[in-house]
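Q: Please take a close look at a single helix and what surrounds it. Then place it in the rest of the chain.

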Amino acid sequence: MVSIFKTILNTIPRPLLIKASYVVRPLIALYLKGNKFTDPIDGKSFRKFLPYGYGKQRENALSPSTLSLERHRLMWLFLNDETNFFTSTKKLKVLHIAPEQCFLDIFRNQKNLAYITSDLESPIADVKADICDLPFKDNEFDVVFCNHVLEHIHDDYKAVQELYRVLKKGGFGVFQIPQDLNRATTFEDDSITDKKQRAEIFGQYDHVRVYGRDYFDKLRTVGFRVDEVDYTKKIAPEKLERFCLMEGEILPVCYK
């Protein structure tokens with residue numbers, strides 16, 4: 001199964017994968033039904049999760065029901081336990097760049113959210129837009145999500161400036177990226193053009209950098225106050241295992 005999923009990820013364009021998943025997902029969820037692992041987003045349990053990864057595959061990474069990965073489930077728990085995202089009596093205006101399927105319907109159906117999605121290519125986004133030139137007003141959104149996007153963007157500083165511009169003062173955002181915390185500084189090299197070599201060095205052929213610990217400082221340079229949240233420290237070990245979370249993963253929670 002690991003090799004099958006690796007081949008699918010590396011050969012089928014992402015927009016097609018998104019469309020196909022709506023048909024295949026219920027069948028896989030039914031096949032893997034069990035009680036060993038639980039997706040906290042929808043509360044459903046399975047005998048195993050699916051493997052995931054463009055290079056090295058991670059076992060029990062992808063939830064069969066919501067298609068959430070470890071980072072999605074961690075963000076869900078943080079939002080639910082540490083913020084008023086789901087409970088605010090004031091209606092929150094939310095921008096979600098490159099919306100993830102595991103959140104899409106839930107966020108759209110939240111009565112306390114005015115939820116807008118945006119992406120340049122995604123077939124499930126409301127607004128087709130370049131993250132470096134967002135078609136939204138200054139200080140428009142209470143909450144902004146932008147997860148695993150910036151590693152694809154050549155001018156990530158401009159993209160971060162745009163995220164800061166559209167966020168309201170007093171608002172917050174979560175801007176996750178694949179990150180090597182053993183690196184002090186971010187690495188990028190546009191002279192590496194071979195797709196296989198780029199995948200080996202950057203994790204995926206279409207990634208343009210490997211972020212180091214200095215990523216948080218890049219967010220701060222545009223004005224954000226950044227909390228480097230290791231939320232896995234607040235989660236009991238048995239739940240880390242049951243929810244298939246990645247211990248030590250950092251949530252970059254940004255405030256304006």
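A: Helix α3 spans residues 70-82, 13 residues in all. From its first C-alpha to its last it reaches 18 Å, close to the 18 Å expected at 1.5 Å a residue. That expected span is 1.5 Å times one less than the number of residues. Helices here are DSSP runs of H or I with at least four residues, strands are runs of E with at least two, and both are numbered from the N terminus.

This is a predicted model: local features need pLDDT of at least 70, side-chain atom pairs count only at pLDDT 80 or more, and totals for chains, interfaces and linings use all residues. Residues are numbered from 1 along each chain as its sequence is written, and side-chain values use heavy atoms, with hydrogens and water left out.

α3 is mostly covered, with 10 of its 13 residues buried. Buried means under 20% relative accessible area, exposed over 50%, and partly exposed in between (1.4 Å probe, protein chains only). The buried residues are E70, R71, H72, R73, L74, M75, W76, L77, F78 and L79. Their cover includes helix α4 and the strands β4 (58-62), β8, β9, β10 and β11 (251-255). Contact means heavy atoms within 4.5 Å.

S88 is buried, at 10% relative accessible area. Its side chain reaches the backbone oxygen of K90 at 2.7 Å.

Now the sheet. Seven strands form an open, mixed sheet in the order β7-β6-β5-β8-β9-β11-β10. The edge strands, β7 (127-128) and β10 (225-229), each pair on one side only. Two strands pair if DSSP finds at least two bridges between them. Strands β8 (residues 141-146) and β9 (residues 167-174) run parallel, joined by 4 bridges. V144 has G173 in β9 as its bridge partner.

Helix α5 (residues 156-166) packs on this sheet, touching β5, β8 and β9, and its direction makes about 130 degrees with that of β9. Helix α4 (residues 101-109) lies across β5 (92-97), β6 (113-119) and β8, at about 145 degrees to β6. Axes are lines fitted to C-alpha atoms, for helices over the stretch in contact; angles run from 0 to 180 degrees between N-to-C directions.

The protein chain has 8 helices and 11 strands. Buried residues make up 49% of its 256 residues. Its C-alpha atoms fill a box of roughly 50 × 45 × 35 Å, taken along the principal axes.

Conventions. Polar contact = N/O pair within 3.5 Å; in protein donor to acceptor, adjacent residues only side chain to side chain.
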